[in-house]
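I opened this model to go through its chains, helix packing and backbone in turn. My notes follow in the order in which I looked things up.

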Amino acid sequence: MASLDDLKKRIASVKSTQKITKAMKMVAAAKLRRAQESAEKGRPYSEKMNNVILNLSNGISDKENAPKLLSGTGNEKTHLCVVMTSDRGLCGGFNSNIIKKAKSYFVKILDEGKELKIITVGSKGNDQLKRVYGDKIIENISFKESKNANYFDADKVGKMVIEKFEAGEFDVCTIFYNQFKNVITQIPQAQQIIPLNNEEEETSSEESYEFEPDEDEILSNLLPMNISTQIFKAMLENSASEQGSRMSAMDNATRNAGEMVDKLTIEYNRSRQAAITKELIEIISGAESL
Amino acid sequence: MSEEFKVEIVNPEKSFLVKDDVSEVVVPAFEGEMGILKDHISIISFLKPGIIKILSKSGDENYYVEDGIVEFKNNNLSILTSTIFNLANMDKSKQQDLLKVAEEEANKTDINDQSKFLADQKVEVLKTLN
């Protein structure tokens with residue numbers, strides 16, 4: 001059994017850990033509110049963008065000559081995966097959930113005999129993936145310096161993806177991120193951005209638009225913008241998810257530390273009592289023997 | 001019958017401006033400036049660097065944009081842009097900064113014709129603001 005002194009030290013150390021996790025929780029809660037706000041504010045843009053693209057791709061005259069960003073290169077040989085994670089740890093299952101989702105996708109791709117290329121955004125994802133898929137990672141980007149997710153960072157990633165696409169380095173691009181549902185639930189998402197799949201194609205928009213210049217030209221300008229927008233959306237969702245995940249993780253940690261302090265205190269009191277009793281017995285039996 | 005329609009400008013971070021008493025909007029469309037009045041035909045077009053003029057009862061407003069898309073439908077004008085500044089709030093130093101970036105871009109030799117054209121446009125527009 002640990003000595004009284006040891007127990008005392010352990011209680012003190014758990015208490016100070018609890019203080020830290022409590023502080024981190026509060027910081028995460030404050031940041032979460034801001035991140036959530038900007039995620040909500042960013043939604044109209046990506047929704048509008050989607051709408052316009054939907055209208056455009058419905059209106060396009062010859063589907064065969066549609067821009068490659070929309071219709072794909074025709075084959076699906078090389079897959080590019082953009083895995084978006086955070087730069088900081090201590091946020092519960094946030095990063096490992098994305099990695100898990102991504103890894104199962106990677107396995108599927110490799111089993112089908114296709115080529116795999118990975119871009120990691122955020123250093124945590126890179127750390128976890130480089131052990132197994134180190135040779136597949138072609139680029140690692142991290143935005144440690146920027147405090148909040150901003151469009152210019154997303155644009156940088158988007159431009160890089162498009163550059164690689166135009167150079168014919170890959171055929172299909174998928175991004176991995178956590179969608180923010182609420183503080184406790186974040187859903188890891190895999191979203192294909194090249195070629196754009198319009199599964200929810202609506203035929204309701206019968207209204208015809210005037211295009212200036214023609215559809216093809218607008219589309220070829222719009223699609224690269226859409227890539228950046230989708231990545232930006234993913235970044236916003238991710239940052240809200242990160243803070244939410246960190247908040248609940250730190251909340252749990254604080255609670256666990258509290259329980260641990262209680263347990264240790266009981267143990268401390270009990271062994272203190274045991275020592276007193278032992279001393280008493282020694283005194284009494286000493287007195288009796290006289 | 002009122003001659004007003006609704007305009008909404010969104011940038012990636014937020015909904016930048018919503019106004020529903022607009023009588024005319026002039027946008028720098030790719031193939032030339034385009035004035036939009038109420039009951040304009042549905043149109044989609046994209047923007048080159050330039051000035052958006054919004055005319056309404058409550059006063060005229062001017063915005064500088066670098067890129068974007070306009071969509072007009074059912075008397076709703078949506079403008080999506082990644083870079084927008086209200087000219088009323090834009091001071092000289094900000095303007096100079098933008099001009100400097102644009103000039104640098106325009107002087108690059110390894111860019112294609114279209115980006116060259118866009119960069120030149122930026123420089124031109126920013127210079128006229130002075």
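Entry 1, chain B overall. I began with the size of chain B: for 130 residues, a compact globule would have a radius of gyration near 14 Å, and chain B agrees with that at 15 Å. I note here that the model is predicted. Along the principal axes, the C-alpha trace of chain B spans about 50 × 30 × 25 Å. I listed the secondary structure of chain B as nine strands and two helices. Read from the N terminus, the order is β-β-β-β-β-β-β-β-β-α-α.

Entry 2, domains of chain B. I looked up the domain assignment, which divides chain B into domain 1 (5-86) and domain 2 (91-129). The C-alpha centres of these two domains of chain B are 21 Å apart. I found five residues of domain 1 of chain B in contact with four residues of domain 2 of chain B. On the domain 1 side, the touching residues are two nonpolar, one polar and two charged.

How do α1(B) and α2(B) lie relative to each other? I read an angle of about 150° between helix α1 (residues 92-107) of chain B and helix α2 (residues 113-129) of chain B, with the axes 8 Å apart. Angles over 145 degrees count as roughly antiparallel, so α1(B) is roughly antiparallel to α2(B). The crossing of α1(B) with α2(B) is left-handed. From α1(B), the residues that meet α2(B) are B:Gln95, B:Leu98, B:Leu99, B:Ala102, B:Glu103, B:Glu105 and B:Ala106. Their partners in α2(B) are B:Lys116, B:Ala119, B:Asp120, B:Lys122, B:Val123, B:Leu126, B:Lys127 and B:Leu129. By class, I have eight nonpolar, one polar and six charged residues in this contact of α1(B) with α2(B).

I repeated the size check on chain A. A compact globule of 290 residues would have a radius of gyration near 19 Å, but the value for chain A is 28 Å. The box filled by the C-alpha atoms of chain A, taken along the principal axes, is roughly 115 × 40 × 35 Å. I listed six helices and six strands in chain A. From the N terminus on, they run α-α-β-α-β-α-β-α-β-β-β-α.

The domain assignment gives domain 1 (4-21 + 250-288) and domain 2 (39-249) for chain A. Taken over C-alpha atoms, the centres of domain 1 of chain A and domain 2 of chain A are separated by 52 Å. Each of the two domains of chain A puts four residues into the contact.

I then took helix α5 (residues 151-166) of chain A and helix α6 (residues 215-288) of chain A, whose axes come within 8 Å and cross at roughly 130°. α5(A) and α6(A) are therefore oblique to each other. The crossing of α5(A) and α6(A) is right-handed. I noted the residues on the α5(A) side as A:Tyr151, A:Ala154, A:Asp155, A:Val157, A:Gly158, A:Val161 and A:Ile162. On the α6(A) side they are A:Pro224, A:Ile227, A:Ser228, A:Ile231, A:Phe232 and A:Met235. The classes in this contact of α5(A) with α6(A) are 10 nonpolar, two polar and one charged.

Which element of chain A gives the most to the side that touches chain B? I first counted the contact: 22 residues of chain A and 21 residues of chain B. In chain A, α1 (4-59), β6 (210-212) and α6 each supply at least two residues of the side that touches chain B. α1(A) gives the most, with 10 residues. The side of chain A that touches chain B divides into 12 nonpolar, five polar and five charged residues.

Most residues other than glycine have a negative phi, and most peptide bonds are trans. I found A:Leu90 with a positive phi, near 50°. A:Leu90 is in the loop between β1 (78-84) and α3 (94-111) of chain A. I also found a cis peptide bond from A:Ile194 to A:Pro195, with omega near -15°. A:Pro195 lies in the loop between β5 (186-194) and β6 of chain A.

Conventions:
Residues are numbered from 1 along each chain as its sequence is written. Chains are lettered from A and ligands numbered from 1 in the order in which they are written. This is a predicted model: local features need pLDDT of at least 70, side-chain atom pairs count only at pLDDT 80 or more; totals for chains, interfaces and linings use all residues. Domain bounds come from an automatic or database domain assignment. Two residues are in contact if their C-beta atoms, placed from the backbone, lie within 7 Å. Ala, Val, Leu, Ile, Met, Phe, Trp, Tyr, Cys and Pro count as nonpolar, Asp, Glu, Lys and Arg as charged, and the others, Gly among them, as polar. Axes are lines fitted to C-alpha atoms, for helices over the stretch in contact, and angles run from 0 to 180 degrees between N-to-C directions. Helices (H or I, at least four residues) and strands (E, at least two) are DSSP runs, numbered from the N terminus. Angles under 35 degrees count as roughly parallel, over 145 as roughly antiparallel, 65 to 115 as roughly perpendicular and the rest as oblique. A crossing is left-handed if the near helix is turned anticlockwise from the far one by less than a right angle, and right-handed if clockwise. The radius of gyration is taken over C-alpha atoms; the globule rule is 2.2 Å times the number of residues to the power 0.38.
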